[in-house]
Amino acid sequence: MTQAELSELVKRSEFTPVAGLSAEDCVTLYYYMQLTRTFEMRLASFYRQGKMVGGVYLGTGNEATSVGATYTLEDRDILAPTHRDIGAHFVKGESLRAMALQLLGRAEGPTGGKDNGLHQGNKEINTLGMISHLGAMISVAAGAALASKIKKSGQVAIHFIGDGTSSIGDFHEGLNFASVMELPVVYIIENNQYAYSTPNSKQYACDWIAQRAHGFDMPGIVVDGTDVVEMYRVTKWAVERARRGEGPALIESQTMRMRGHSEHDSADYVPQKVMEKWEDKDPIDILKNYLRDWGVLTDVTREQIDEQIESEVEKAFEYALDAPVPEGPEAANGVYAR
Amino acid sequence: MAEITYIQAISEGLREEMQRDESVFLLGEDIGNYGGAFKVTKGFVEEFGEERVIDTPLAESAIFGMSIGAALQDMRPVAEMQFSDFVSTGFNQLVNNAAKIHYRWGAAVPMTVRMPTGGGVHGGPFHSQNTEAWFFHVPGLKLVAPSNPYDAKGLIKAAIRDKNPVLYFEHKYLYRREKQELSGDDFLVEIGKGRVAREGEDLTVLTYGSMVPTSLEAASHLESRIDVEVIDLRSLMPLDMELIIGSIKKTNKALIVHEDIKTGGIGAELSARITEEAFEWLDGPIRRVASIDTPVPFAPSLEEYFMPNPDKIAAGIQQLWDY
Ligand SMILES: Cc1ncc(C[n+]2csc(CCOP(=O)(O)OP(=O)(O)O)c2C)c(N)n1
Ligand SMILES: [Mg+2]
């Protein structure tokens, strides 16, 4: 849905902006989070039906983090998403159709079937395509921020990092370098409590990953990553600060990976109690309650949005499922830029 | 005797070595309670405890660094890469540290690195690579690549008992496809020894890993016309040159087949060595069937074009035969 279409639906009773977000903004955030959930649940059912090739990694529980943080960016800014950030791609402007084509490995998709998952980059909307090797994009995001600094373009970069990924050497190198050069980059830890089957207790010994920011001499902040308003508020602060030339920041979003590592994984290593605790903190439910309490959106209007999303997702996949797979010989093309 | 799969053979080999030798321990991501991404170490924590089956943080360089440190104190670490592609994150520790210690100051580094390898499983560019050639160029490392359960078990045991860093390339495509009856006896497969997978008189196919069953299939398609010998190298470093040259002297024709891309692959070195050692025995050019020189593409249609298969190998054999 377009911003204008969404604005139409907003009840404009006396709403005082929260965290600088207008009523329209709040509804737009809802749209993107619900879109993410709907799109991903469709992928999960395709996986069960055997329509997907390879693994399917979902960001259920991560919607507020991914969407809320990315919503702070301007069009010119740089986004370096990771494997559970479908929502960030959407906020930054990736189309549903392109996403569906990509995830189904179709010829017309952004990687033409050459790469899988959320690995596509898009120069038009300034997203950087990730590689599977976790941590590799940390300094790449810093490099994009370095270019911004050199060009004085005023662009800020956001990069998402997993809790597990914070253990790799690249994390130290990238954050240190970014801080030494006071680069306009904001790092967001998506602390979803697990790295595959590995719980945080086996991943790091400190209380918070954000504590490490102190050692790099940058702000380190822990946020409730299930609350999109909080996520937006804190990220916005860091992005503005970075834009003013005051250097990088490390934000740790506390959230939960509400499904298996990928769809093949039943995640039976997650204690039932832990899962239940987080189920009460579903980011989309939290926002729904805000919207209702603030009188921004009636349940009826919200359901209208949900239906609209269903049909947009349906259309994107209908198109992508019918789209041709790449021709074999295409494999040989594109290794070098010409 | 019970029939076991390739992946079970790896598990059995590991388990037996851990039972036999207290100094053997495992480390890697998600290998403990979860049993590893491919479940090779399922049940190991229960049997050997968390001290010998260590779930590590996400940190390949430290996994290797710690393996080296422990090996220098006479432990026998077995490090698991979740996928061999991720080895690049720990590259320096392997190629500059582990590989060069004995040469520099005489200390042995008895460590094993398990490398779930290869394509054909639609894993895309970062979960499908054949990375053996990255390490083939590094003196000080040994490289093995089993193609069947017997060799999988015998080589993991030999790797663990070796005094050098051994990279053990286990092919994901073979994990549950290759089955064999194995005796419960303690046996080793010597590192540095290849094997004749199929005897023939007309032409030699030199191959390893996933391409062994694929080449055997190609050879059987051609059976009525060409009598193909298939050599399973098993050990890539050191290479069993005696076996290789012996076969070439018999058939006078060499086709090298690997799943890794063609340029700079193991086949390039093999070809050079055969030319150096047996040029006058050849009655045709040495040819290669390998993947094309691109990253491993994701979409099945692309990956199929990218990789060798029985038809492409059969065509390669036929063309060399017709030369
Ligand atoms: C360098 C590297 N090592 C191992 C892997 C295999 N792997 C893929 S995802 C994953 C867990 C990642 O955990 P985390 O960083 O917390 O992100 P999450 O999946 O929880 O969002 C691992 C170990 C990888 N992709 N990259
Ligand atoms: Mg995580």
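**Entry 1. Domains of chain B**

I looked up the separation of the two domains of chain B in this predicted model: the centres of domain 1 and domain 2, taken over C-alpha atoms, lie 26 Å apart. Domain 1 spans 2–182 and domain 2 spans 195–322, with bounds from an automatic or database domain assignment. To their contact (heavy atoms within 4.5 Å), domain 1 of chain B gives 26 residues and domain 2 of chain B gives 24 residues.

I noted the conventions: residues are numbered from 1 along each chain as its sequence is written, and chains are lettered from A and ligands numbered from 1 in the order in which they are written. Local features need pLDDT of at least 70, side-chain atom pairs count only at pLDDT 80 or more, and totals for chains, interfaces and linings use all residues, while side-chain values use heavy atoms, with hydrogens and water left out.

**Entry 2. Between the domains**

I read the buried area (accessible area, 1.4 Å probe, that two parts lose on being put together, summed over both) as about 2,000 Å² between the domains of chain B, with 61% from carbon and sulfur atoms. I found 2 salt bridges between these domains, the term meaning a side-chain nitrogen of Lys or Arg within 4 Å of a carboxyl oxygen of Asp or Glu. Arg234(B) and Asp151(B) form a salt bridge, with their closest N and O atoms 2.9 Å apart. On the side of domain 1 of chain B that touches domain 2 of chain B, α6 (132–136), β6 (142–144) and α7 (149–161) each supply at least two residues; helices (H or I, at least four residues) and strands (E, at least two) are DSSP runs, numbered from the N terminus.

**Entry 3. Chain A against chain B**

I then turned to the chains: 35 residues of chain A and 34 residues of chain B take part in the contact. Chains A and B bury about 2,700 Å² between them, 66% of it on carbon and sulfur atoms. In chain A, His133(A), Tyr196(A) and Lys202(A) lose the most area to chain B, together 23% of what that side buries. The interface holds 1 salt bridge; Lys202(A) and Asp55(B) meet in a salt bridge at 2.9 Å, N to O.

**Entry 4. Ligand 1**

I counted as near any residue with a heavy atom within 4 Å. By that rule 21 residues surround ligand 1, the closest being His83(A), Arg84(A), Thr165(A), Tyr194(A) and Glu60(B). The site is shared between chains because residues from chains A and B surround ligand 1. A polar backbone atom of Ser132(A) is 2.8 Å from a nitrogen atom of ligand 1. A polar side-chain atom of Asp163(A) lies 3.0 Å from an oxygen atom of ligand 1, and a polar side-chain atom of Asn192(A) lies 3.0 Å from an oxygen atom of ligand 1.

How values were computed: Polar contact = N/O pair within 3.5 Å; in protein donor to acceptor, adjacent residues only side chain to side chain.
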